[in-house]
Amino acid sequence: MTHVEHLDIEGKFDKKRNMAATAPKYLSVWDIEAYYGESYIVQGVSFDIHEGEILALLGRNGAGKTSTLRTIARMDDPELKHGEIWLDHKPLHNMRSHEASQAGIQLVPEDRNIIPGLTVEENLKLAQIAPPKGWSLDRVYDLFPRLRERRTQEGVTLSGGEQQMLAIARALCRDIKVLLLDEPYEGLAPVIVQEIAKTLELIRDQGITTVIVEQNAVAALKLADRAVILDIGKVVYDGSAKEVLEDEALRSKYLAI
Ligand SMILES: Nc1ncnc2c1ncn2[C@@H]1O[C@H](COP(=O)(O)OP(=O)(O)OP(=O)(O)O)[C@@H](O)[C@H]1O
Ligand SMILES: [Mg+2]
């Protein structure tokens, strides 16, 4: 098990040596601290992701998972006050959210954010308006045949699972390097969860790097290559997803499962 204490011993995230800043992995999150107003929420979070990897970012309610994703996507809230975020040698920490999106970070929020009054296809085309363009509609529809079938239907009238597929598809329509998913399985039947998990594997096979935040930790761990567990805004585990699945004590301590 690679506990963060071990990483500290190796000096991987040693603040003084500033390692992540000089030798970034594909996506390197280094000692980020983020605030909602005066509230100190993301308290020095560090992790790396390799290209084409799926990382499960887990933790109990209020652990700071959504806040961490929003910080990486460079949303205004929470405000990043310390640390660095590097994507493929580009400093995300110096960017605003639209610049991070142009650099290849695509956040699919928990509410899925499908635009009312627009069809499935219009939702996708809207995502392609601002350059640089991502996947073509054909490529997206090949991955999500259900969306091709429903392309003239209004997006918000789709089932929950189909809306999640549309939200992911829309992220692929932008120039994407890293997909950040916040609770993609929420409210979905197990059979639909499996279908989306299979699609996420296909997306990984096409070289996309994914961070998945999920309350359904078991489903996320089965999908993921690696896991990072947060507790009260700090990383308490960074290691293989399989080890978390097998370590009951760890799971009950930090995930309550
Ligand atoms: N807009 C906000 N303003 C102030 N505090 C916030 C805001 N959003 C979240 N918080 C607080 O930040 C902490 C982390 O919240 P966050 O939503 O990141 O947790 P989470 O791990 O995603 O939880 P959940 O599993 O419930 O989605 C919580 O204590 C929460 O109350
Ligand atoms: Mg959340």
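Biologist: Which residues surround ligand 1?

Modeller: Please keep in mind that this is a predicted model, in which local features need pLDDT of at least 70 and side-chain atom pairs count only at pLDDT 80 or more, while totals for chains, interfaces and linings use all residues. Residues are numbered from 1 along each chain as its sequence is written, and chains are lettered from A and ligands numbered from 1 in the order in which they are written. A residue is near a molecule if its C-beta atom, placed from the backbone, lies within 6 Å of it. Here the shell around ligand 1 holds Tyr36, Ser39, Ile41, Gly59, Asn61, Gly62, Ala63, Gly64, Lys65, Thr66, Ser67 and Asp77. Two or more of these residues are given by each of strand E2 (39-49) and helix H3 (65-72), where helices (H or I, at least four residues) and strands (E, at least two) are DSSP runs numbered from the N terminus. The largest share, three residues, comes from H3.

Biologist: How do the residues of the shell around ligand 1 divide into nonpolar, polar and charged?

Modeller: By convention Ala, Val, Leu, Ile, Met, Phe, Trp, Tyr, Cys and Pro count as nonpolar, Asp, Glu, Lys and Arg as charged, and the others, Gly among them, as polar. In this shell there are three nonpolar, seven polar and two charged residues.

Biologist: How should I read the pairing of strand E1 with E2?

Modeller: Two strands pair if DSSP finds at least two bridges between them. Strand E1 (residues 27-36) runs antiparallel to E2 over eight bridges, and Ala34 has Val42 in E2 as its bridge partner. The two strands form a hairpin with two residues between them, and Gly37 in the turn has a positive phi of about 60°.

Biologist: Where is there a positive phi in a residue other than glycine?

Modeller: One case is His89, whose phi is near 70°, in the loop between strand E4 (79-87) and strand E5 (90-91).

Biologist: Is helix H8 enclosed by the rest of the structure or exposed, and why?

Modeller: Helix H8 (residues 160-173) is largely enclosed by the rest of the structure, because 12 of its 14 residues are buried. These buried residues, including Glu162, Arg170 and Cys173, pack against strand E6 (105-108), helix H5 (120-127), helix H6 (137-143), helix H7 (145-149), strand E7 (178-182) and helix H9 (190-205).

Biologist: Which residues touch the most other members of the largest nonpolar core?

Modeller: A nonpolar core is a set of buried Ala, Val, Leu, Ile, Met, Phe, Trp, Tyr and Cys residues joined through C-beta atoms within 7 Å. The largest one has 74 residues, and Ala56, Ala169, Leu180, Ile212, Ala224 and Ala227 touch the most other members. H8 gives this core its largest share, eight residues.

Biologist: Where are the cis peptide bonds from Asp77 to Pro78 and from Pro131 to Pro132 placed?

Modeller: Omega is near -5° in the bond from Asp77 to Pro78, and Pro78 is in the loop between H3 and E4. The bond from Pro131 to Pro132 also has omega near -5°, and Pro132 lies in the loop between H5 and H6.

Terms used. Buried ≥ 20, exposed ≤ 12 C-beta atoms within 10 Å, placed from the backbone. Contact = placed C-beta atoms within 7 Å.
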